[in-house]
Amino acid sequence: RGLEAIIPGRSEAEMAAGKAESVKRMYQADTLEIRPHHLMCMACFYGDREELAPIAADNLFEAIDIIHKNPEIPIRLICGPCMICPPCAGYVPNTGQCIAGVAMSLRDELKDLHVLQRLGLAYGDVLPARELYTRLFDRIASTTKICGYGDGLARSPEWHVCRGPEGSASYEKARAEGLGFLNRRREA
């Protein structure tokens, strides 16, 4: 039974309830709390789709939707699981920790630190979404820099290169389109 013997998995009903409650909190929040590398995941999610719509596994769509509706919403960069995570099978609600496979927790922490370093920011920093994404897209042109650990070399299955060593075409599309909101004129 492996990890299931120590940490039982979440049922579909638990994950659906986690999604419903976390989405409600997100839409009511004055500030989004997002881990740094999830800014890039949001871009890849956006770039992957012809039409944006919610999915059961995470809250990437909802974060993008909120930013589209309010490009000035503050985003606080946090350490560890964030508002994107509650529906995920690897999220443990009672501890707020990630136990996803293939060393995702440690791998994601490294990606968070690399994003913070490139952006010149620290955990706890708060910026409006428009300013944060402008900085992200100006300073991180390719997922290879973060998700490919700078050189795109896949060193082990546990530390695989997300989206491949060449970089993500989905990220590049989102960057070119300003995540669907940067290129729009500011509303008066």
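**Notebook: sheet, helices and core**

I started with the strands and found that E2 and E5 pair in the antiparallel sense over 3 bridges. Two strands count as paired if DSSP finds at least two bridges between them. Helices (H or I, at least four residues) and strands (E, at least two) are DSSP runs, numbered from the N terminus.

Some ground rules for these entries. The model is predicted, so local features need pLDDT of at least 70 and side-chain atom pairs count only at pLDDT 80 or more, while totals for chains, interfaces and linings use all residues. Residues are numbered from 1 along each chain as its sequence is written, and side-chain values use heavy atoms, with hydrogens and water left out.

**The sheet**

I looked up the bridge partner of Ile75 in E5; Leu127 is that partner. On the other pairing, E1 and E2 run in the parallel sense over 3 bridges. There, Glu33 has Arg76 of E2 as its bridge partner.

**Strand E2 and Arg76**

I followed the side chains along E2, and they alternate. Buried means under 20% relative accessible area, exposed over 50%, and partly exposed in between (1.4 Å probe, protein chains only).

Is Arg76 exposed or partly exposed? Arg76 counts as partly exposed, at 30% relative accessibility. Not counting residues up to four places away in sequence, Arg76 touches Thr31, Leu32, Glu33, Ile34, Gly124, Asp125 and Val126. Contact means heavy atoms within 4.5 Å. I also took the C-alpha to C-alpha distance from Arg76 to Ile34: 6.2 Å, for two residues 42 apart in sequence.

I took H3 with H6 first. Helix H3 (residues 36-48) and helix H6 (residues 129-139) pack at about 85 degrees, with axes 11 Å apart. That makes H3 roughly perpendicular to H6. The cut-offs for such words are under 35 degrees for roughly parallel, over 145 for roughly antiparallel, 65 to 115 for roughly perpendicular, and oblique for the rest. H3 brings His38, Leu39, Met40, Met42 and Ala43 to the contact, and H6 brings Leu132, Tyr133, Leu136 and Phe137. By class I get 8 nonpolar, 1 polar and no charged residues. Ala, Val, Leu, Ile, Met, Phe, Trp, Tyr, Cys and Pro count as nonpolar, Asp, Glu, Lys and Arg as charged, and the others, Gly among them, as polar.

H3 with H4 came next. Their axes come within 9 Å and cross at roughly 90 degrees. H3 and H4 are therefore roughly perpendicular to each other. On the H3 side I listed His38, Cys41, Met42, Phe45 and Tyr46; on the H4 side, Leu60, Phe61, Ala63, Ile64, Ile67 and His68. This contact has 9 nonpolar, 2 polar and no charged residues.

**The core**

Which residues touch the most other members of the largest nonpolar core? Of its 43 residues, they are Leu32, Met42, Ile67, Ile75, Tyr133 and Leu136. A nonpolar core is a set of buried Ala, Val, Leu, Ile, Met, Phe, Trp, Tyr and Cys residues joined through side-chain atoms within 4.5 Å. H3 gives the largest share of this core, 7 residues.

I listed the contacts of Met42, leaving aside neighbours within four places in sequence. They are Ile34, Leu60, Ala63, Ile64, Ile67, Ile84, Tyr133 and Leu179.

**Two positive phi values**

Tyr149 sits in the loop between H6 and H7. Its phi is near 55 degrees, positive in a residue other than glycine. Tyr149 is buried, with a relative accessible area of 16%.

Arg163 is also found in the loop between H6 and H7. Arg163 has a positive phi of about 70 degrees, although it is not a glycine. With a relative accessible area of 37%, Arg163 is partly exposed.

Technical notes. Axes fitted to C-alpha atoms, helices over the stretch in contact; angles between N-to-C directions.
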